[in-house]
Amino acid sequence: MKIHPTAVVDAGAELAEGVQIGPYVVIKSDVVIGEDTEIMSHVFVDRYTTIGPNCRLFPFASVGAEPQDLKFKGEKTELIIGRNVTIREGATLHRGTGHGGGRTTVGDDCLIMNYVHVAHDCHVGHNVILSNNATMAGHVTIQDHVTLSGLVGIHQFTRIGTHAYIGGFSRITKDVPPYILGEGSVEFKLHGPNVIGLKRKGFTEETVNALKDVFHIVFRNHRPLQEVLDEASAAFPESPEVKLLIDFMRSSERGVYR
């Protein structure tokens, strides 16, 4: 363990072996930091924050601060960050609220770039990339392997499905289906399956082609949603990816882009 003499680390914080704390860092009590994590200069880590092993927090990141929610009354809530997470300069990640589940979470192997904001009660999956200035309101769920490009804004209570890719400057107000690529600053539009991303992740040609066919069945006509979902399900009954996409759309409470 290595702590710079100018850092302020509360005696109630738990630091594992190999943790490095840079100059002018402030770490409050009730913080847990895992093995070999590096906290660079001027980072602020507030109470009730858990940071997993092998993470890197760059200068002026702020994690675990109280939520920006007028209903928050100082109750004990948490921020939990997984392993191998990189949080770049100026990013802000807030704790949960008592009425929203009490917990904000970030999964393993995520890259959170400069000035990203992860609000209260958000849940970010594994292997997620949040590019510069991406901002989410409270209660947002981002599933595994999602990429948000720069300056994306996400409305509260919205879900982004697994392996989705969101283009820069997009404004998200409804659920985005899994495996889909979309963008739009005024009107968000779906352009098709995230083919390049899926191939990079090792999806088979058969799966990619099935998702292309499902995209045309579900998203390229004006028939009732349940009707086209039933058709897609019947056309690809053995595909777990198609089933996941259909289940995601059927479970949407906020409304889903189509």
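Predicted model: local features only at pLDDT ≥ 70, side-chain atom pairs only at ≥ 80, totals over all residues.
1. Sheet order. Eleven strands form an open sheet with mixed pairing. Read across the sheet, the order is β1-β4-β7-β10-β13-β16-β19-β22-β25-β27-β28.

2. Sheet edges. The two edge positions are taken by β1 (2–3) and β28 (189–193). Each of these has a single partner strand, so one side of each is left without a neighbour in the sheet.

3. The β25 and β27 pair. Strand β25, residues 165–166, runs parallel to strand β27, residues 180–183, and two bridges join them. Tyrosine 165 has leucine 181 of β27 as its bridge partner. Tyr165 comes up again in point 7, as one of the residues nearest the centre of the largest pocket.

4. Helix α2 against the sheet. Residues 205–219 make up helix α2, which lies across β27 and β28. The helix runs at about 150 degrees to β28.

5. Nonpolar core. The largest nonpolar core has 71 residues. Those touching the most other members are Ile81, Ile87, Leu93, Met136 and Ile142. At least two residues of this core come from each of β12 (78–81), α1 (195–200), α2, α3 (225–235) and α4 (240–250). The most is given by α2, with eight residues. As a general remark, nonpolar side chains in soluble globular proteins tend to be buried together.

6. Surroundings of Leu93. Leaving aside residues up to four places away in sequence, leucine 93 touches Ser62, Val63, Gly64, Ala65, Leu79, Ile81, Ile87, Val106, Ile112 and Val118. Two of these contacts, Ile81 and Ile87, are also listed with Leu93 among the core residues that touch the most other members.

7. Largest pocket. The space in the largest pocket is about 330 Å³. Its lining consists of 20 residues, and Thr147, Tyr165, Asn194, Gly197 and Arg200 lie nearest the centre. Helix α1 supplies the largest share of this lining, four residues.

8. Cavity. How many cavities of 30 Å³ or more are there? The count comes to one. The largest cavity holds about 30 Å³ of space. Its lining is made of Ile180, Pro193, Leu211, Val214, Phe215, Phe219 and Leu245. Four residues, the largest share of that lining, come from α2.

Key: Residues numbered from 1 in each chain as written. Heavy atoms only, no water. Pairing = 2+ DSSP bridges. Contact = heavy atoms within 4.5 Å. Axes fitted to C-alpha atoms, helices over the stretch in contact; angles between N-to-C directions. Core = buried A, V, L, I, M, F, W, Y, C linked by side-chain atoms within 4.5 Å. Buried < 20%, exposed > 50% of the residue type's maximum accessible area, 1.4 Å probe, protein only. 1 Å grid on protein atoms, 1.4 Å probe; cavity = no way out; pocket = protein on both sides within 12 Å on 5 of 7 lines; lining within 4 Å. Points joined across faces, edges and corners; volume = space filled by probe spheres on them.
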